[in-house]
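Me: Please take me through this model piece by piece, starting with how the elements are named.

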Amino acid sequence: MEPRKKLINSVDGCVDEALCGLVRASGGLSLLKGHRVLLRSDPENLRGKVALLSGGGSGHEPAHGELGFFGFGKTTPSPTGASGVLLIVKNYTGDRLNFGLAAEQARNHGVAVDMVIVAEDCAFDQPSKAGRRGLCGTIFVHKLAGALAEEGSSLDQIVSKVTEVLKGVGSLGVSLSPCSVPGCRPSFDLPPGDMELGLGIHGEPGIKRSKVASADEVVKTMIDHMTNPDSQSHLPLKSGDSVVVCVNNLGALSCLEIAVVTKAAIVCLEGRGVVVARAMSGSFMTSLEMAGVSLTLMRANQETLRLFDAKTSAPAWPNLSSVCVSGRNYVTEPQAASARPQDDAHSEGPLSPVMRGALERVCSTLLEKQEELNALDRAAGDGDCGNTHAEAAKAIQEWLQDHVVPGDPGQLLSVLAGLVQEKMGGSSGALYSLFLTAAAGHVTEGQSNAAAWAGAMHAGTQAMRRYGGAEPGDRTMLDALCPAVDELMALTTAPPGGQLAVLQTAVQKAASGAEATRDLAARAGRASYIAAERVTLPDPGAVAVAAILGAVLESLEKQK
């Protein structure tokens, strides 16, 4: 297996270049020349206060660098006049050895130094002699110790406080993929579809492998394990306890996934009667590009929260609210004025059965074509055109089950506009809603003849062109819609007996226009970003429009 591709200049220089990038992007940091050491750029402000020193290997960013600068951050002790130095160390043999050596050397120079070892991993029921590993709970120690140092607390006071807090901190990670050091193969093998629970931030083995489950199930499994009293590594947690929760991206999960996990963690904890006082989510202590997440819980009283909430200039610390997460009303009800008109107030009319039949046929057609439209969309989009049209169809079907179809066509079009805007989503939902909203003002119960419908179709199409920016020939749904609408304008002069023939011709022109898009270069929409030679199938939006118009014609022919 070849090493994974990395966006770096060289394996040997990537760490130094990364440190330089961190410092250049943050005015509060500086680089100690000749060393891989970051300092605060204002060491004079350390005088008479405790300095914090943390660190570790690269690949865990932003931990150690951007998150190690709470209060007074990293510094060399001798020139600063600091009253003491606190070493914050994760419980790994290499870290303990190197920081221990630094501590002994500093003591030989008369520096007051102490060490706090973070060992909050909840993975193993019976930890080995090496003890529990240090994970993302380390950043909580950075934050609290930094706030205490800022206030002028002594070294002994800081050590005493954070040591006590650490008794109520626990972490656990889960990964869907391994990571790889630049120039090396992945640190371990994890088959696709599997996940590993309890692994370390360096890719050390976890405690259990299983198939990837839903976010809710994974979070519940993690919290169950973390708080299991049968484990020697568990975090004691009972109903009524107040906690700070950190949802830490191990490197490669999307922001969307992290937000889903955050919601799941909050709901799971609240379901146990635990008060979530604060929640933070993002990348804090990573493992390069590992696709995984760790959860860290910290029992918190008012003093702990006061220190946690203290302002900091650390570049990677999030701008958190000091409002308790649990108990906050986080849902805002929409104002009545912005709500959709009450559909139940509509009354049926002579056209209601005709319009209901047409809608039912349109919905069934779109559901039948769902996979066909998805396949067409995969060639030049994100492959969900069929899904979005199916969502709209299902929403309309549900509405038809519970509502009468109003006799006023304009009212019906307004209702449909609201439904597709809410349920369809994306640019398609906006375009259809624009079309229906603009068309609605041109047909009423008293004016719903063929000419009025033609005018409504024309108005809707013009709205799509005006706001969407596309024109016929741009390889969009307009290539099917515009030829059909142009033909429908003949309804303004067609005799009653010739109206169906006009509609039939319009549907044929829509189908021909959709088919012709396979030969067009996309100049609008997502397909416009794809090389022309790769787009050889008809545009899915145009195919959908042709299918909708064809379904309306089918329904009218049957009802004739």
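Reply: Helices (H or I, at least four residues) and strands (E, at least two) are DSSP runs, numbered from the N terminus. This is a predicted model, in which local features need pLDDT of at least 70 and side-chain atom pairs count only at pLDDT 80 or more, while totals for chains, interfaces and linings use all residues. Residues are numbered from 1 along each chain as its sequence is written, and side-chain values use heavy atoms, with hydrogens and water left out.

Me: Okay, where is Leu-288?

Reply: Leu-288 sits in the loop between S10 and S11. Its phi is positive, about 55°, although Leu-288 is not a glycine.

Me: And is Leu-288 buried, exposed or partly exposed?

Reply: Leu-288 counts as partly exposed because its relative accessibility is 30%, where buried means under 20% relative accessible area, exposed over 50%, and partly exposed in between (1.4 Å probe, protein chains only).

Me: Which sheet do S10 and S11 belong to?

Reply: They are part of an open sheet of six strands, in the order S8-S7-S6-S11-S9-S10 and with mixed pairing; two strands pair if DSSP finds at least two bridges between them. The edges are strand S8 (208–211) and strand S10 (275–282), each of which pairs on one side only. From one strand to the next the twist averages 20°, with axes taken as lines fitted to C-alpha atoms (for helices over the stretch in contact) and angles running from 0 to 180 degrees between N-to-C directions.

Me: How do S7 and S8 pair?

Reply: Strand S7 (residues 194–197) and S8 pair in the antiparallel sense over four bridges, and Leu-197 stands opposite Lys-208 in S8.

Me: What about S9, how many of its residues are buried?

Reply: S9 is mostly covered, with seven of its eight residues buried. S9 and S10 run parallel and are joined by seven bridges, and Cys-246 stands opposite Met-280 in S10. S9 and S11, by contrast, run antiparallel, joined by seven bridges, and the bridge partner of Asn-248 in S11 is Ser-294.

Me: Which strands does H3 lie across?

Reply: Helix H3 (residues 137–150) lies across strand S6 (169–175), strand S9 (242–249), S10 and strand S11 (292–299), running at about 45° to S11. Helix H5 (residues 215–226) also packs on the sheet, touching S6, S7 and S11 (contact means heavy atoms within 4.5 Å), and its direction makes about 140° with that of S6. H3 lies across S3, S4 and S5 as well, running at about 170° to S4.

Me: In what order do S3, S4 and S5 form a sheet?

Reply: These three strands form an open sheet in the order S3-S4-S5, with parallel pairing. Strand S3 (50–54) and strand S5 (113–118) are at the edges with a single partner strand each, so one side of each is left without a neighbour in the sheet. Neighbouring strands here are turned by 25° against each other on average, direction ignored. Strand S4 (residues 84–90) is joined to S5 by six bridges, and Leu-87 stands opposite Met-115 in S5. The loop between S3 and S4 contains Pro-62, and the peptide bond from Glu-61 to Pro-62 is cis, with omega near 10°.

Me: Switching topic, how many disulfides are there?

Reply: The structure holds zero disulfides, a disulfide being a pair of cysteine sulfur atoms within 2.5 Å. The closest cysteine sulfur to that of Cys-136 is in Cys-246, and at 4.0 Å it is too far for a bond. Cys-482 is in no disulfide either, since the nearest cysteine sulfur, that of Cys-385, is 17 Å away.

Me: Is Cys-482 buried or exposed?

Reply: Cys-482 is buried, with a relative accessible area of 5%, and Cys-136 is buried at 2%.

Me: Last one, what does Leu-537 touch?

Reply: Not counting residues up to four places away in sequence, Leu-537 touches Leu-376, Ala-379, Arg-475 and Arg-518. Leu-537 lies in the loop between helix H15 (499–516) and helix H16 (540–559), and it is partly exposed, with a relative accessible area of 34%.
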